[in-house]
Amino acid sequence: MTNAKRFKIACIGAGNVGASAAQYCVEEELGDVVLTDVVEGLPQGKALDLTEAGPIRGYNSRVTGTNDYKDIEGSDLAIVTAGLPRKPGMSRLDLLEKNGLIISGICENIKRYAPDSIVIIVTNPLDVMVYLAYKKLGFPAERVIGMAGCLDSARMRAFVALELGVSMKNVDTMVLGSHGDDMVPLPHYTTVSGIPITTLLPQDRIDAIVERTRKGGGEIVALLKTGSAFYAPAASAVRMAQAILRDEKQLLPCAAYLMGHYGLNDIYMGVPCILGRAGVERVMELEISEADRSSLHTSAGEVRAGIDGLKERGIL
Ligand code: TXD
């Protein structure tokens, strides 16, 4: 083990993202994982399979599967991916209601069994679900965080690296706003080893990368036909978990609770955050253009509409 304390991580939801997150956690030896789902046998089966990969992949972290929330007792961190996907004929509001009820139920259990944990929400619609979780958990805002920007910026990093034929590791980006078509990728804060991409690529190529990043989730859904992306989303959530549990003070874009930042109040949105052992230790305010600020506010309008939807249905 690289970390001194043996952490306990609850992965709630053992579907595509949840199981991949469990895999990345144990491969990184970040802590022992409890994989939880409502489907009987699913988390147990995946946990056993991951345990059996241990001798080959060389990890000693433990993975167990359960349908009983009592088993998450004392977790240091929870990654919540439980939820339903949108089915044909289901409106956005119906999905909001279904996942809203699932997240509310899960929050009750986290509150009961892991009251000191830091919670990373992944379930869509992300910015609304993380706001709901914050309200239901009653934890300080720094301990309830949404994962989206990390994924969106990873996608942009990958596209820039592929376009320029440079190492993925050399590319840094920043993406603000809500998770969806209204996100605000920031080319001016995108660099290759410190060199702004605005000096390396023509504007039309940058515009194309920004557009592909905005539609990144949809591109994968269209290819897969059933289900949505899971490797990069899981890797992003585990990156955040690592920054927190190992107190790395990493600057990552996350959905954080805003109190006047960027002119926004009482809302969760994607902003640059310093992640450490306390969770979101600081929200960074960047200088952004008027156009980007206005996109951020448009994005906030969508999130507020979702929050109102939950209120109308009595979930919030
Ligand atoms: O950037 C992001 N935030 C996202 C979000 C990127 C990718 C995926 N994103 C969302 O994560 C996606 O729209 C879904 O809302 C979640 C999970 O996606 P995943 O692909 O893992 O979905 P699956 O494979 O359908 O898994 C969901 C699991 C499934 O096994 C259900 O049985 C389980 O959730 N589930 C529950 N587990 C525990 N407790 C409850 N109540 C529960 N209800 C359903």
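How many residues of domain 1 are in contact with how many of domain 2, counting heavy atoms within 4.5 Å as contact? Hi everyone, let's start there: 34 residues of domain 1 touch 35 residues of domain 2 by that criterion.

A quick word on the model. It is predicted, so local features need pLDDT of at least 70 and side-chain atom pairs count only at pLDDT 80 or more, while totals for chains, interfaces and linings use all residues. Residues are numbered from 1 along each chain as its sequence is written, and side-chain values use heavy atoms, with hydrogens and water left out.

Now the domains. An automatic or database domain assignment divides the chain into domain 1 (8-146) and domain 2 (149-312). Their C-alpha centres are 21 Å apart. Together they bury about 2,900 Å², 72% of it on carbon and sulfur atoms; buried area here is the accessible area (1.4 Å probe) that two parts lose on being put together, summed over both. Of the area that domain 1 buries against domain 2, L30, D127 and Y131 supply 23%, more than any other three residues.

Finally, polar contacts, meaning pairs of N or O atoms within 3.5 Å. A backbone N or O atom of V17 is 2.8 Å from a ligand oxygen. For N124, a polar side-chain atom lies 3.0 Å from an oxygen atom of the ligand, and H179 also places a polar side-chain atom 3.0 Å from a ligand oxygen.

Conventions:
Polar contact = N/O pair within 3.5 Å; in protein donor to acceptor, adjacent residues only side chain to side chain. Contact = heavy atoms within 4.5 Å.
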